[in-house]
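I opened the model and went through it from the whole chain down to a single residue. My entries follow.

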Amino acid sequence: MVDYTTPVTTAFEMQRATIEQSQKALEQSFTFQQNVNEAVIDSLDTQESAQRRGVELSKTAFHSYLDAVEATVPGAAGTVDEIRRAVDEQYDFLLENHAEVFDNIESELVEGVDAYDDMTEDYLAAVEEQVDMLVEAHEELESQSVEVAEQFGDQLEEVQEQVEEIQEQVEEVQAQAADAVEA
């Protein structure tokens, strides 16, 4: 007896495996994106610190320049002190705004990432539900297809037996006809 169901079940199993692998790939891509989002947020402190050091270095360089002017220009000490105070005020204002901007960026990013995570979680739950329904329907279709393949195999074997019987009858008739012609 020929097995007509093995190719059918194998094809359905491969299709289900592909569906499940696609779902896992989708989940992994969202996890990857979440990891990237967290890395960006985690790197903000480092970026802020590096930029703050750059501003402070610039302030130090400006102070060194003012020290040089004060040392080399007689009578400039009063003016240099005023400039130094103005520079300090501007740098303090800049650093304060710098910290505030980074705080705002971080809170906006955290809020955006939280919203993304919530949306992703809902989306993945919906996809999982749809995939479960798809796999269930797919298994039902496989069951029906296997049943049809079995019926087809049974009918094919019946037809084959009938063909063989007819062929035997034809051979008997031909033999009888040949015997009648010879007699």
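**Contacts across the chain**

I began with contacts between residues at least 6 apart in sequence: in this predicted model, 87% of them join residues at least 24 apart.

**Overall form**

I looked up the secondary structure next. The chain has two helices and zero strands. I then checked the radius of gyration, which is 42 Å. The globule rule gives 16 Å for 183 residues, so the chain is more spread out than a compact globule. I also took the spans of the C-alpha trace along its principal axes. They come to about 150 × 35 × 15 Å.

**Surface**

How much of the chain is buried? I found that buried residues make up 18% of the 183 residues. The chain exposes about 13400 Å². Carbon and sulfur atoms supply 55% of that area.

**Helix α1**

I turned to α1, which covers 6-72. I compared its length with expectation. At 1.5 Å a residue, its 67 residues should span 99 Å. I got 96 Å between its end C-alpha atoms, which agrees.

**Thr5**

My last stop was Thr5, in the segment before α1. Is Thr5 buried or exposed? Its relative accessible area is 15%, under the 20% cut-off, so I logged Thr5 as buried. Which residues does Thr5 touch, leaving aside its neighbours within four places in sequence? I noted Val146, Ala149 and Glu150 as its contacts.

Notes
Residues numbered from 1 in each chain as written. Predicted model: local features only at pLDDT ≥ 70, side-chain atom pairs only at ≥ 80, totals over all residues. Heavy atoms only, no water. Helix = DSSP H or I, 4+ residues; strand = E, 2+ residues; numbered from the N terminus. Buried < 20%, exposed > 50% of the residue type's maximum accessible area, 1.4 Å probe, protein only. Contact = heavy atoms within 4.5 Å. Expected span 1.5 Å × (residues − 1). Rg over C-alpha atoms; globule rule 2.2 N^0.38 Å. Areas by Shrake-Rupley, 256 points an atom, 1.4 Å probe, with all protein chains shown as cover.
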